[in-house]
Amino acid sequence: MLNEIEEIIPFKLPIEQKESLINGNLVKFNEDKVDIYSPIYEGDKPIYLGSHPKMSGQEALLALDAAAKAFDNGNGIWPTMKVEDRIKSVEKFLTMMKKSEKEIVTLLMLEIGKSKTDSAKEFTRTIAYIEDTIFALKDLDRTSSRLVIADNVYAQIRRSPLGIVLCMGPFNYPLNETFTTLIPALIMGNTVIVKPPKLGVLFFKYLLPIFEQSFPPGVVNFIYGDGATIVSPIISSGRVDVLAFIGTSKVADIIRKQHPAPHRLRCVLGLDAKNPAIILNDADLNLTVSEVISGSLSFNGQRCTALKIIFVEKKIAKDFQRVLLEKIKNLKIGLPWEDSFITPVAEKTKPNQLYKLTEDALKKGAEAFIDGLPVELKDLKEYLPENENDIKSQLVKPIVLWDVRENMDIYSIEQFGPIIPVVIFDSIESPLSYIIKSQYGQQASIFSNDPKKISKLIDPLVNQVCRVNINSQCQRGPDIFPFTGRKDSAEGTLSISDALRVFSIRSLVAFKGTDENKEIVDRILDERLSNFLNTDFIL
Ligand code: G3H
């Protein structure tokens with residue numbers, strides 16, 4: 001398998017990574033390690049890709065000490081540095097990061113099975129995100145570079161860092177979603193501890209030396225290993241100020257509860273979702289099916305924003321099924337570098353979970369179509385191994401579950417994989433009450449050509465979810481748009497400009513407008529004595 005692409009892999013496998021970045025040094029950890037396997041199999045065995053350190057709780061605390069030292073209660077070089085100079089550090093990092101594109105894109109394909117196009121997109125989108133963040137911060141700084149006057153009180157209001165940020169990204173967007181919190185946290189003057197996800201971790205090896213060269217010691221630190229072992233001591237120390245976490249609400253709750261004073265821990269969370277599509281009788285079928293397929297099957301459905309349940313009005317249901325199954329049959333299934341649309345799912349336990357959800361739905365009366373063709377309950381046996389360690393492949397062909405009902409597990413469980421569950425409805429109350437009762441509240445999609453029907457849905461839906469998409473799938477981008485959710489789906493809002501706010505707090509320097517005070521402040525400004533109280537304008 002690998003020999004097919006050996007000549008295009010820009011590194012030698014396996015990658016045995018022994019270092020982590022702590023306090024500005026690439027520190028070697030020789031003892032324990034975590035082995036990383038690809039979701040791609042050579043014969044019936046997953047390809048061994050390499051390993052990274054498995055740090056102990058004590059070793060992880062070294063990263064916390066380094067971040068605390070670099071922040072130095074707000075007195076460190078980084079938090080007191082002028083915005084312009086912090087921007088220069090991030091620009092330096094960006095220039096060097098661009099040179100690692102090939103390594104990062106290849107490792108995304110090998111480690112999480114993301115298609116070549118999507119892996120490349122994740123890289124370029126992240127680069128654009130950093131560039132846009134720099135642009136947004138310059139803008140923010142320009143508006144803060146003047147004094148405001150009210151009631152003869154003069155003030156300069158700026159955004160200041162919060163302290164130490166623990167940043168944990170997800171396996172499905174290990175680069176992009178880690179950076180959508182890491183970069184704003186850093187550029188606002190915080191110091192950061194990064195815990196890479198379980199999968200999508202090896203490529204960080206190429207970024208560690210770049211972080212080392214771009215930022216003062218202790219500003220960026222990495223911890224590697226088992227989450228419970230390395231995150232618990234850091235959070236329970238009570239010294240972390242912000243938790244930026246993208247993953248499941250269950251894990252977010254476990255982490256947050258370990259903080260001795262949870263009210264002090266600001267949380268920026270991107271969590272679970274089960275975004276519904278509502279397809280009305282008058283929808284354009286071709287467009288709807290294309291959006292449903294890319295909405296529910298892009299990156300094999302492993303997106304928090306994926307369409308995870310489809311409500312289709314009864315009159316159009318049969319036609320929708322015909323077009324959907326036809327299009328699914330034509331999807332390219334295979335390996336990431338062949339640029340297939342459906343590729344092996346990232347998690348080893350996932351195929352079993354997906355077939356179990358399918359089995360449950362079939363037992364309770366749904367129909368199943370795999371690869372566009374009907375499948376009986378007895379046929380499902382061929383997909384279900386005796387136990388999940390017997391898995392011979394992580395390639396799961398798209399499964400349509402037809403006529404899903406409330407008593408089936410797939411109705412409420414977030415599948416995070418290539419299953420399209422379809423519910424047929426007579427009354428619009430059915431999808432609406434689903435959304436109201438749901439524990440999730442991220443986004444929804446409406447498919448219809450009738451402005452009146454659409455607007456009747458918009459008004460109740462915007463108060464249940466945080467983005468309503470008309471005739472299109474759910475998605476996070478463009479990244480300047482607010483990305484958030486209600487209920488179990490999120491806490492805090494991310495967009496390029498919102499993220500700068502989330503990782504900072506407004507602080508001001510104020511003085512009464514007496515002649516004496518004006519004279520003092522004039523000198524501070526003229527002689528550029530303070531990095532905070534200054535009116536320099538970034539050009
Ligand atoms: O996994 C959740 C991602 O934020 C989804 O982003 O909609 O751009 O794929 P996306």
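In this predicted model, the protein's 66 positive and 70 negative charges have mean positions that sit 2 Å apart. Some of those charges pair up directly: a search of the whole structure turns up 24 salt bridges.

Before looking at the pairs, here is the overall picture. The protein is built from 17 helices and 24 strands. Its C-alpha trace stretches about 85 × 60 × 40 Å along the principal axes. For a chain of 539 residues, a compact globule would come out with a radius of gyration near 24 Å, and the protein's 25 Å agrees with that. Of the 539 residues, 56% count as buried. The protein still exposes about 22,900 Å², with carbon and sulfur atoms supplying 51% of that area. As for who touches whom, take the contacts with a separation of 6 or more: residues 24 or more positions apart account for 76% of them.

Back to the salt bridges. One of them brings together the side chains of Glu491 and Arg256, with an N to O distance of 2.7 Å. This pair ties together distant parts of the chain, as Glu491 belongs to strand S23 (residues 490–491) and Arg256 to helix H9 (residues 249–257), 235 residues apart.

A second salt bridge joins the side chains of Asp360 and Lys364, with 2.7 Å from N to O. Here the two ends fall into separate classes. Asp360 has a relative accessible area of 14%, and since buried means under 20%, Asp360 is buried. Lys364, on the other hand, reaches 35% and counts as partly exposed.

In another salt bridge, the side chains of Lys397 and Asp371 meet at 3.5 Å, N to O. Lys397 is partly exposed, at a relative accessible area of 34%, and Asp371 is partly exposed at 22%.

Notes
Residues numbered from 1 in each chain as written. Predicted model: local features only at pLDDT ≥ 70, side-chain atom pairs only at ≥ 80, totals over all residues. Heavy atoms only, no water. Salt bridge = Lys/Arg side-chain N within 4 Å of Asp/Glu carboxyl O. Helix = DSSP H or I, 4+ residues; strand = E, 2+ residues; numbered from the N terminus. Buried < 20%, exposed > 50% of the residue type's maximum accessible area, 1.4 Å probe, protein only. Rg over C-alpha atoms; globule rule 2.2 N^0.38 Å. Contact = heavy atoms within 4.5 Å. Areas by Shrake-Rupley, 256 points an atom, 1.4 Å probe, with all protein chains shown as cover. Lys, Arg positive; Asp, Glu negative; His and termini not counted. Charge placed at Lys NZ, Arg CZ, Asp CG, Glu CD.
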